[in-house]
Amino acid sequence: MASELNEQTADLTEQDALYLRRAIALSARTAQAGNRPFGAVIVAADGRVLAEAANNNAVTGDCTAHAETEALRLATPAHGREVMAGATMYASGEPCVMCAGAIFWSNIRRVVFGIDAVSLRTFRASQAAAGDIEMSCREVFAAAPHDMQVIGPALRDEAAAPHRAYWKL
């Protein structure tokens, strides 16, 4: 577990950094609208952006409107499972258990995330109702019948900035 907390950037490509920063920018924008600061971008193997979205629970009242699920709702009806299998999910924060499950069901097999769940919990500690299931996305993906590549945390300081502003820590 301790090794998971260290920034993992060895496998981070320039393209990964570009799209992860795009997800981080989405997280900052959605925080300005009153949502928790999370963004996600889904990119096909050929570099096409299939979808991008931000957390939308505060605005919609939908507890499942996390950035990753919102992006999946846009991408999966328009793209086949083969396209999704070659895609990468870029998430500003480590996908929660629900989002990791949705990523698995979408057939995406590669995830790159910014700030890790353990660090996110320190921001949310001041709000009693802001807890989550303490399981990493790697633990969820380990139960998959196929390999799932996970890179993260990466660009952690950049990904943490919208949270510092939102949670006022």
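**Terms and their grounds**

Guide: The protein chain exposes about 8,100 Å², and carbon and sulfur atoms supply 54% of that area. Accessible areas come from the Shrake-Rupley method with a 1.4 Å probe, and for residues only the protein chains shown count as cover. This is a predicted model, in which local features need pLDDT of at least 70 and side-chain atom pairs count only at pLDDT 80 or more, while totals for chains, interfaces and linings use all residues. Residues are numbered from 1 along each chain as its sequence is written, and side-chain values use heavy atoms, with hydrogens and water left out.

Visitor: How many helices and strands does the protein chain have?

Guide: The protein chain has nine helices and five strands, in the order α-α-β-β-α-α-α-β-α-β-α-α-β-α along the sequence. Helices (H or I, at least four residues) and strands (E, at least two) are DSSP runs, numbered from the N terminus.

Visitor: Why does Asp116 count as buried?

Guide: Buried means under 20% relative accessible area, exposed over 50%, and partly exposed in between (1.4 Å probe, protein chains only). Asp116 has 3% relative accessibility and therefore counts as buried. Asp116 lies in the loop between E4 and H7. The C-alpha atoms of Asp116 and Glu94 are separated by 5.0 Å, although these residues are 22 residues apart along the chain. Of the 169 residues of the protein chain, 50% count as buried.

Visitor: What makes Arg22 partly exposed?

Guide: Arg22, in helix H2, has 35% relative accessibility, so Arg22 counts as partly exposed. Leaving aside neighbours within four places in sequence, Arg22 is in contact (heavy atoms within 4.5 Å) with Val41, Val49 and Glu52. Arg22 and Glu52 are 30 residues apart in sequence and 8.9 Å apart in space, C-alpha to C-alpha.

Visitor: Why are H7 and H9 called roughly parallel?

Guide: The axes of helix H7 (residues 117-124) and helix H9 (residues 156-167) come within 10 Å and cross at roughly 20°. Axes are lines fitted to C-alpha atoms, for helices over the stretch in contact, and angles run from 0 to 180 degrees between N-to-C directions. Angles under 35 degrees count as roughly parallel, over 145 as roughly antiparallel, 65 to 115 as roughly perpendicular and the rest as oblique. H7 and H9 are therefore roughly parallel to each other.

Visitor: Which residues of H7 and H9 meet?

Guide: Ser119, Leu120, Phe123 and Arg124 in H7 meet Arg156, Ala160, His163, Arg164 and Trp167 in H9. The residues of this contact divide into four nonpolar, two polar and three charged. Here Ala, Val, Leu, Ile, Met, Phe, Trp, Tyr, Cys and Pro count as nonpolar, Asp, Glu, Lys and Arg as charged, and the others, Gly among them, as polar.

Visitor: How do you know that H7 is mostly covered?

Guide: Six of the eight residues of H7 are buried, namely Ala117, Ser119, Leu120, Arg121, Phe123 and Arg124. These buried residues pack against E3, E4 and H9.

Visitor: What makes H2 roughly parallel to H9?

Guide: The axes of helix H2 (residues 14-32) and H9 come within 9 Å and cross at roughly 5°. This angle makes H2 roughly parallel to H9. Arg21, Ile24, Ser27, Ala28 and Ala31 in H2 meet Glu158, Ala159, Pro162 and Tyr166 in H9. The contact of H2 with H9 divides into six nonpolar, one polar and two charged residues.
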